[in-house]
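Student: Could you walk me through the domains, open spaces and charge pairs of this protein?

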Amino acid sequence: MCGIFAYYGQEKKSVSMVIEGLKKLEYRGYDSWGVAAANQDDFFIKKAVGKIGSYKYKESDFPESKMIMGHSRWATHGGVTEINAHPHSTENNEIVLIHNGIIDNYLDIKKNLVTKGHIFISETDTEVLAHLIQEYYEGDLAAAVQKSLKEIKGRYAILVMAKDNNKLIAARRGSPLIIGVNKKNNEYFIASDVPAFLQHTKSVIYLDDNQMAQIDKSGIIFKDLETDKQVEKRVIEVSWNNEEAEKGKHKHFMIKEILEQKNTLKKAIDQDDQQIIKIADEIKKAFGTYLVGCGTAGKVCLTGTYFFAEIAKKHINFEFGSEFPYFKDFIREGSLLIVVSQSGETADTLEAIEAAKSKGAKILAIVNVESSTMAREADHTLLLNAGPEKAVASTKATTAQLAILYLLSHACNGGITEGKQILVRTAAEINDMLNPRYEEHISKLAEKIKSVESMYIIGRGSNYPMALEAAIKLQEVSYIHAEGFAGGELKHGPIALITKGTPCIALVANDETKSDIISNATEIKSRGGYIIGIAPENNEVFDYWIKVPDVGTASPIVNIIPIQILAYQLAVLRQNNPDMPRNLAKSVTVK
Ligand code: F6R
């Protein structure tokens with residue numbers, strides 16, 4: 001949430017370079033944006049409401065500078081206005097600051113600063129930090145930042161500059177900040193996510209929580225904010241490349257990423273068997289195991305509980321990241337928390353990790369972003385290998401997460417080879433399924449239902465969480481009211497919502513749940529519902545059938561893909577931007 005991108009170098013670069021980098025991070029926040037650049041004795045500052053991606057400019061509109069920072073905002077405190085957009089500065093631009101996160105105690109600090117004569121112009125929590133730093137600033141910017149951060153409660157990734165100072169200070173606690181390094185040119189690129197600077201460098205340093213970096217013309221130094229000691233940091237080469245992070249020939253990232261599922265499943269299961277077996281052993285012997293994730297990753301976790309129950313005969317609990325802390329009393333030494341996340345930075349999941357660790361539990365992270373906070377906090381990490389996922393709506397990461405949980409559940413039952421074989425076949429089936437004819441067949445349905453007000457999705461067993469996930473996917477990009485239910489639950493209340501023509505999608509697997517879910521679909525049809533069947537075989541109850549391969553217990557992995565395509569097509573037909581749905585942002589780094 002909120003994108004940060006900054007440049008510090010020995011050569012002047014145009015501010016437009018930072019604007020272009022920010023555009024690559026726009027999936028993190030896109031309601032307003034701003035840039036600040038050291039410019040002679042002052043700062044050049046430009047802020048605007050709206051998407052930075054649609055901002056057209058001439059290079060000559062901007063100065064060149066050796067120190068530039070930019071921010072794309074996802075509003076938390078204060079409405080979407082130019083004044084509330086970052087950077088925030090104090091009077092005469094003495095201190096200029098950008099921030100990702102939330103300062104929980106900003107009102108108390110503000111009250112105190114007002115009594116000291118500080119005048120605030122925005123409604124944000126961020127502006128308070130700029131003033132606090134100014135209050136302590138006596139020529140040593142790093143010291144003023146460090147002193148201020150001691151008073152801050154909450155999460156932050158910040159970049160700070162001061163007038164006539166030529167230093168860039170970066171600090172983090174709970175929100176990501178990564179430093180791209182080009183040693184040859186003595187250049188630094190600081191961003192909340194790697195794609196912002198992939199075209200400049202693949203050498204990165206990950207700032208850890210409670211660490212600060214000071215960049216000036218002599219280079220970069222790192223400090224621990226609590227101990228005040230200098231720390232050595234490792235430069236790591238990232239494996240993602242710039243092309244992977246671009247749309248290529250596709251109109252939107254969402255469809256690009258959906259179609260990438262032709263390959264991503266194979267990559268997800270390309271894991272070290274010995275490591276999978278070792279982790280499976282940990283799962284088997286753990287006392288109290290929780291699968292934890294948020295949003296789509298949460299639905300994947302819930303599906304995982306079915307995989308483990310069905311395949312490994314192992315009971316695993318599930319909780320959303322934001323709810324997990326309320327269950328922490330059931331965690332003790334010997335417990336295991338399996339966190340699932342695309343970004344590895346979701347604040348609620350990180351809090352769950354914190355809560356579980358405080359009770360002595362071990363952490364397994366299943367994440368896409370290597371060296372993300374979760375990957376670094378965990379005792380074991382399994383990477384999704386899905387490449388950058390930039391559309392806000394998760395697609396390829398979802399199926400990769402499902403595949404890894406599926407593999408682990410087989411490994412828990414001593415059947416890693418069998419699990420892999422099923423997944424290799426599933427990957428091949430998905431490769432065949434994702435063709436233009438398939439998309440066209442789904443687009444006919446999208447055209448038919450594009451103006452409905454509500455739709456419902458039902459599933460049973462491991463396809464019940466996929467019904468919930470289907471609802472999220474449809475809601476977030478099409479803005480159609482969509483709800484998912486366990487097939488058997490409908491008759492206990494929600495069936496009252498079915499009227500003539502209400503679209504209802506039934507996720508069908510060729511297993512013991514089949515006849516019951518068909519019965520549930522029939523109940524809906526008898527009340528006038530329009531039944532869309534996602535199933536390996538057609539059935540007379542279906543008004544519209546979307547075929548999926550029969551992959552046995554791996555059915556959730558294939559059943560969700562046509563929904564992803566349908567959601568995308570509905571978004572486009574309804575003239576929504578599927579990559580940047582309203583009110584949302586990728587990587588939710590606030591609670
Ligand atoms: C929905 C979606 C979100 C994320 C959730 C967790 O399509 O993508 O619901 O799944 O915000 O994010 P990660 O997986 O990064 O922890």
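Tutor: Happy to! This is a predicted model in which local features need pLDDT of at least 70 and side-chain atom pairs count only at pLDDT 80 or more, while totals for chains, interfaces and linings use all residues. Residues are numbered from 1 along each chain as its sequence is written, and side-chain values use heavy atoms, with hydrogens and water left out.

Student: How is the chain divided into domains?
Tutor: The domain bounds come from an automatic or database domain assignment. By that assignment the chain is divided into domain 1 (3-244), domain 2 (247-433) and domain 3 (435-591).

Student: Which residues of domain 1 lose the most area to domain 3?
Tutor: The C-alpha centres of these two domains lie 42 Å apart, and their contact (heavy atoms within 4.5 Å) takes 14 residues from domain 1 and 11 residues from domain 3. Buried area is the accessible area (1.4 Å probe) that two parts lose on being put together, summed over both; here it is about 1000 Å², with 60% given by carbon and sulfur atoms. On the domain 1 side, 48% of what is buried comes from three residues together: Tyr27, Tyr30 and Trp74.

Student: How many salt bridges are there between domain 1 and domain 3?
Tutor: A salt bridge here is a side-chain nitrogen of Lys or Arg within 4 Å of a carboxyl oxygen of Asp or Glu. The structure holds 22 salt bridges. Between domain 1 and domain 3, however, the count is 0.

Student: Lys24 forms a salt bridge with which residue?
Tutor: Side chains of opposite charge can pair when their charged atoms come close. Lys24 sits in the loop between α1 (15-23) and β2 (32-39), and its partner is 222 residues apart, in the loop between β15 (236-237) and α5 (253-259); helices (H or I, at least four residues) and strands (E, at least two) are DSSP runs, numbered from the N terminus. The closest N and O atoms are 3.1 Å apart, and the partner is Glu246.

Student: Where does the largest cavity lie?
Tutor: On a 1 Å grid over the protein atoms alone, a cavity is a set of points where a 1.4 Å probe fits but cannot get out, and lining residues have an atom within 4 Å of a point. The largest cavity holds about 130 Å³, a volume being the space filled by probe spheres set on grid points that are joined across faces, edges and corners. Its lining has 17 residues, with Tyr27, Asp193, Gln342, Ser343 and Val369 the closest to its centre. Both domain 1 (3-244) and domain 2 (247-433) give residues to that lining, so the cavity lies between them.

Student: Which strand gives the largest share of the lining of the second largest cavity?
Tutor: The second largest cavity has about 100 Å³ of space. Among its 14 lining residues, Cys2, Thr76, His86, Gly101 and Asp125 lie nearest its centre. The largest share, 3 residues, comes from strand β6 (residues 95-103).

Student: And which helix gives the most to the lining of the largest pocket?
Tutor: A pocket is an open set of points with protein on both sides within 12 Å along at least five of seven lines, and the largest has about 660 Å³ of space. Of its 29 lining residues, the closest to its centre are Cys294, Gly295, Thr296, Ala585 and Val588. Domain 2 (247-433) and domain 3 (435-591) both contribute to the lining, so the pocket lies between them. The element that gives the most, with 4 residues, is α14.
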